[in-house]
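Let's take a walk through this protein chain together. Please open the sequence beside the model and keep both in view as you read.

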Amino acid sequence: MVSCLFCGPKLAACGIVISIWGVIMLAMLGIFFTTHSAVLIDDVPFKEEDMHNDQDPPHNIYKLYNQVGYNCFIAAGIYVLVAALSFCQIKLNHRKEYMVR
């Protein structure tokens with residue numbers, strides 16, 4: 001019988017804890033970026049010409065804010081997948097404990 005078990009119970013538990021924190025943190029950052037929080041302007045990758053070469057400069061900055069926010073939501077989704085994988089590993093480890101050899 002082939003087992004998909006590739007990490008121990010402590011590593012799987014650590015993966016769940018880190019994933020939960022990553023989902024919370026990145027979801028909050030995604031919300032704040034998509035609402036165009038002024039505090040996060042240093043984290044928006046814009047150039048000087050983004051502000052001066054366009055007729056509507058805030059539109060370009062807001063578009064960059066939204067893109068960074070979407071990237072945060074995508075990363076939070078990846079952390080959800082890592083949490084699900086870690087949860088499956090915990091279940092497989094518990095099943096392995098009860099197997100009779």
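First, some housekeeping. This is a predicted model, in which local features need pLDDT of at least 70 and side-chain atom pairs count only at pLDDT 80 or more, while totals for chains, interfaces and linings use all residues. Residues are numbered from 1 along each chain as its sequence is written, and side-chain values use heavy atoms, with hydrogens and water left out.

Begin with the layout. The protein chain has 3 helices and 0 strands, and along the sequence it reads α-α-α. Helices (H or I, at least four residues) and strands (E, at least two) are DSSP runs, numbered from the N terminus. The C-alpha trace spans about 75 × 25 × 15 Å along its principal axes. The radius of gyration is 21 Å, whereas a compact globule of 101 residues would have one near 13 Å; this radius is taken over C-alpha atoms, and the globule rule is 2.2 Å times the number of residues to the power 0.38. You can also see the span by picking N93 and Q55: they are 38 residues apart along the chain, and their C-alpha atoms are separated by 59 Å.

Contact here means heavy atoms within 4.5 Å.

Now look inside. Of the 101 residues, 23% count as buried, where buried means under 20% relative accessible area, exposed over 50%, and partly exposed in between (1.4 Å probe, protein chains only). The largest nonpolar core has 9 residues: L26, F33, L40, V44, I61, Y65, V68, C72 and A76. The elements that give two or more residues to this core are α1 and α3, and the largest share, 5 residues, comes from α3. A nonpolar core is a set of buried Ala, Val, Leu, Ile, Met, Phe, Trp, Tyr and Cys residues joined through side-chain atoms within 4.5 Å.

Turn next to the outside. The protein chain exposes about 7,500 Å², and carbon and sulfur atoms supply 68% of it; accessible areas come from the Shrake-Rupley method with a 1.4 Å probe, and for residues only the protein chains shown count as cover. On this surface, I20, W21, I24, M25, M28, I31, F32, Y70 and F73 form a nonpolar patch with about 900 Å² of accessible area together. Helices α1 (9-34) and α3 (57-97) each supply at least two residues of the patch, and α1 gives the most, with 7 residues. One patch member, I31, lies in helix α1 and counts as partly exposed because its relative accessibility is 45%.

Finally, visit helix α3 again. Q89 lies in this helix and is buried, with a relative accessible area of 3%. Leaving aside neighbours within four places in sequence, Q89 is in contact with C4, L5, F6, C7 and A12. N93 also lies in α3, and counts as buried at 8% relative accessibility. With the neighbours within four places set aside, N93 contacts L5, C7, G8 and P9.

Technical notes: Patch = residues over 30% accessible without salt bridge, like charges linked within 9 Å, V, L, I, M, F, W, Y side chains within 5 Å. Salt bridge = Lys/Arg side-chain N within 4 Å of Asp/Glu carboxyl O.
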